[in-house]
Amino acid sequence: MKNVNLYICLFVALFIFFNNTMAYEEPDYKIVHQTKKFEIRYYEKRIVVQTKFDRENSGFMKLFNYISGSNNHSEKIKMTTPVTMLKVGEDTFMQFSLPSKFNSTNTPLPNENSVEISYIDAGHFAVSRYSGRTTDENYHKNANILLKELEKKSIIIKSSPIKAIYDGPFTIPLFRRNEVMFLVEWN
């Protein structure tokens, strides 16, 4: 019994250590409305680096290369969360938010033509949090749940759903933070 308790304590200590040491910057937001199933957040305008992709890995590696120094300043840029994915027309984009120290004058430009700097305008986003694997099935299930909740409340949706992933693939699915977001009209 003592060994089991020792292993549990060790596991909890390692979990806390790795979660605290792996903290990434997130875009600031203000919660303006909250229910049991979702919240409305207000985000200021922010800078992202993005690329179109067919497979998640090809998009991720292009963006990872950019923050690893494949930019016109050869600057290594700290990873942020979440990694977001969204459809615009027929195209699917993957985005990394850039750290808050960057602005329109000091953001390094990508070396690769398929990677671009873009801006997300300030706005209100309806957000629902869920855990588990980041499969399309799990994402679409949660997007539909949020969509129905927004429709019940007569909240006008202004975008397609956005997948937001906060944890790496080696995080235990039960502890993963995933979100689905919609840009919404909010007064």
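Residues are numbered from 1 along each chain as its sequence is written. In this predicted model, local features need pLDDT of at least 70 and side-chain atom pairs count only at pLDDT 80 or more, while totals for chains, interfaces and linings use all residues; side-chain values use heavy atoms, with hydrogens and water left out.

The protein chain holds three helices and nine strands. Helices (H or I, at least four residues) and strands (E, at least two) are DSSP runs, numbered from the N terminus. Read from the N terminus, the order of elements is α-β-β-β-α-β-β-β-β-α-β-β. The protein chain has 187 residues, of which 37% count as buried. Buried means under 20% relative accessible area, exposed over 50%, and partly exposed in between, with a 1.4 Å probe and protein chains only. Among contacts in the protein chain with a separation of 6 or more, 69% are between residues 24 or more positions apart; contact means heavy atoms within 4.5 Å.

Two strands are taken to pair if DSSP finds at least two bridges between them. The strands β4 and β5 form a hairpin with two residues between them, and Gly89 in the turn has a positive phi of about 65°.

A nonpolar core is a set of buried Ala, Val, Leu, Ile, Met, Phe, Trp, Tyr and Cys residues joined through side-chain atoms within 4.5 Å. The largest has 15 residues, and those that touch the most other members are Val49, Leu63, Tyr66, Ile77, Met94, Phe96 and Leu98. At least two residues of this core come from each of β3, α2, β4 and β5, with α2 giving the most, three residues. Leaving out residues up to four places away in sequence, Val49 touches several residues, among them Leu63, Tyr66, Met94, Phe96 and Leu98, as well as Val115 and Ile117. A second, separate core of twelve residues includes Ile40, Tyr139, Ala143 and Phe182. In soluble globular proteins, nonpolar side chains tend to be buried together.

On a 1 Å grid over the protein atoms alone, a cavity is a set of points where a 1.4 Å probe fits but cannot get out, and a pocket is an open set with protein on both sides within 12 Å along at least five of seven lines; lining residues have an atom within 4 Å of a point. Grid points are joined across faces, edges and corners, and a volume is the space filled by probe spheres set on the points.

The structure holds one cavity of 30 Å³ or more. The largest cavity has a volume of about 40 Å³ and is lined by Lys62, Asn65, Tyr66, Ser70, Pro110, Asn111, Glu112 and Val115. The largest share of this lining, three residues, comes from α2. By type, the lining of the largest cavity has three nonpolar, three polar and two charged residues. Here Ala, Val, Leu, Ile, Met, Phe, Trp, Tyr, Cys and Pro count as nonpolar, Asp, Glu, Lys and Arg as charged, and the others, Gly among them, as polar.

The second largest pocket contains about 380 Å³ of space. It is lined by 26 residues, and the closest to its centre are Leu86, Gln95, Ile120, Phe125 and Ile162. Two or more lining residues come from each of β3, β4, β5, β6 and β9 (178-184). This lining divides into 16 nonpolar, six polar and four charged residues.

Some backbone positions remain. Most residues other than glycine have a negative phi, and most peptide bonds are trans. The peptide bond from Thr81 to Pro82 is cis, with omega near 0°, and Pro82 lies in the loop between α2 (56-67) and β4. Ser74, in the loop between α2 and β4, has a positive phi near 50° and is exposed at 59% relative accessibility. Ser154 has a positive phi of about 55°; Ser154 is in the loop between α3 (136-152) and β8 (162-165) and is exposed, with a relative accessible area of 64%.
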